[in-house]
Amino acid sequence: MKDDTILTHAGREPFENHGIVNPPVYHASTILFPTMAAYLARHKEARVRYGLSGTPTTFALEEAVTALEGHGAHGTVAVSSGLAAITMPLCAFVEAGDHILITDSTYAPTRKFADSTLQRLGVESEFYDPLIGAGIEDLIRPNTRLIWLESPGSHTFEVQDVPAITEVARAKGVRTIIDNTWGAGYYFKAFKHGVDVSIQAGTKYIAGHSDVINGTITCNEETYEQVKQVTHGFGVCCGPDDVYLTLRGLRTMGVRLQRHHENGIRIAKWLQDRPEVIRVMHPALPQDPGHAIWQRDFTGACGLFGFVVDTDDRDRVAVMIDGMKLYGIGSSWGGFESLLIPSYPEDNRTATTWEPGGHTLRIHVGLEDPDDLIDELDKGLNRMKNGG
């Protein structure tokens, strides 16, 4: 099935629920069994055995995301947040004395977890240039256990050569995990490109309405049981109402992403032509350094990208942002509404540098009419240029 059909039908079993179109919300902790024998056999024979292990609502979301992530995806574990989707597979594959490689363009909380919790547990994290490609082989040691990818990277949007990295990793027996939130499993098929585990902040495009915190960990057959056991061992799960809302958002993700794609590219092109803008970081633009790989590996773009304005004066940038009516100032992205925030990638780099020559901004282009969004940006850039 094509992706839009998967989004509509996967994880739905209406005739197992009295013909109800959407899976019902199961609120459950205790699960009862008819006999002692059934209770004692629950881990082998009962899929629903305790609320923490999931309910039919949870399984519906997990099955749908697995189907969306495509061929090679074996199973998904739904967790309480995007950060939990990051930390659980990291914990699943490492132990004291191990070495891991993490792209220098990664989401800042991923870096913080590696530099704090994993370091305290005796795991060494080394950050690498996101554009290293097959050169990653030179960084792999005998005790390297996994490589963390994120493509495009948070805030700076470098596109990684995922197939080149995963080919090296597989030859060396090293696991690979990718943060696939930007591609959403819709525009980028991680398993097709050799990745072992694909995580998403379901908070973003899957849920899509800025009112749910959720994460998904999708695994190939070799990694699924290990990730599932470790995640449950930490007591991490996702509440039934959040699961339901995420599943509900998933049904419209295809049409939303198409609008994000169209709006985002149009606004990125408009920004390219503004004299106040030094650089636009959007892989779908032919001028972007990552465009060739994006065009090869992706089928579309979401609404998140970055740009650099021609000033380092934070007060002037604040004049621009503070006067916005249609662009909210807030963390996260992927909802129906547009956002615009200041970004400081230089504070989170160790293997590479970020010196763009101006102030970096990150924009999420929502579902509004693009003419209105462009008008807002025009007024904002004029405020910045004129100092008020």
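Q: How many salt bridges does a search of the whole structure find?
A: The search finds 17 salt bridges. The model is a predicted one.

Q: Why is the contact between K189 and D3 called a salt bridge?
A: The closest N and O atoms of K189 and D3 are 2.9 Å apart. A salt bridge needs a side-chain nitrogen of Lys or Arg within 4 Å of a carboxyl oxygen of Asp or Glu, so the pair counts. K189 sits in the loop between strand 5 and strand 6, and D3 in helix 1, 186 residues apart. Both K189 and D3 are buried.

Q: What makes the side chains of R266 and D371 a salt bridge?
A: Their N to O distance is 2.4 Å. The cut-off is within 4 Å, so the pair qualifies. R266 belongs to helix 10 and D371 to helix 13, 105 residues apart.

Q: Why is R266 called partly exposed?
A: Its relative accessibility is 40%. Buried means under 20% and exposed over 50%, so R266 falls in between. D371, at 43%, is partly exposed too.

Q: Why is E276 called buried?
A: E276 has 3% relative accessibility. Buried means under 20%, so E276 counts as buried. K385, at 46%, is partly exposed.

Q: Which residues line the largest cavity?
A: The lining consists of N22, P23, Y244, L247, R248 and R251.

Definitions and conventions: Residues are numbered from 1 along each chain as its sequence is written. This is a predicted model: local features need pLDDT of at least 70, side-chain atom pairs count only at pLDDT 80 or more; totals for chains, interfaces and linings use all residues. Side-chain values use heavy atoms; hydrogens and water are left out. On a 1 Å grid over the protein atoms alone, a cavity is a set of points where a 1.4 Å probe fits but cannot get out, and a pocket is an open set with protein on both sides within 12 Å along at least five of seven lines; lining residues have an atom within 4 Å of a point. Helices (H or I, at least four residues) and strands (E, at least two) are DSSP runs, numbered from the N terminus. Buried means under 20% relative accessible area, exposed over 50%, partly exposed in between (1.4 Å probe, protein chains only).
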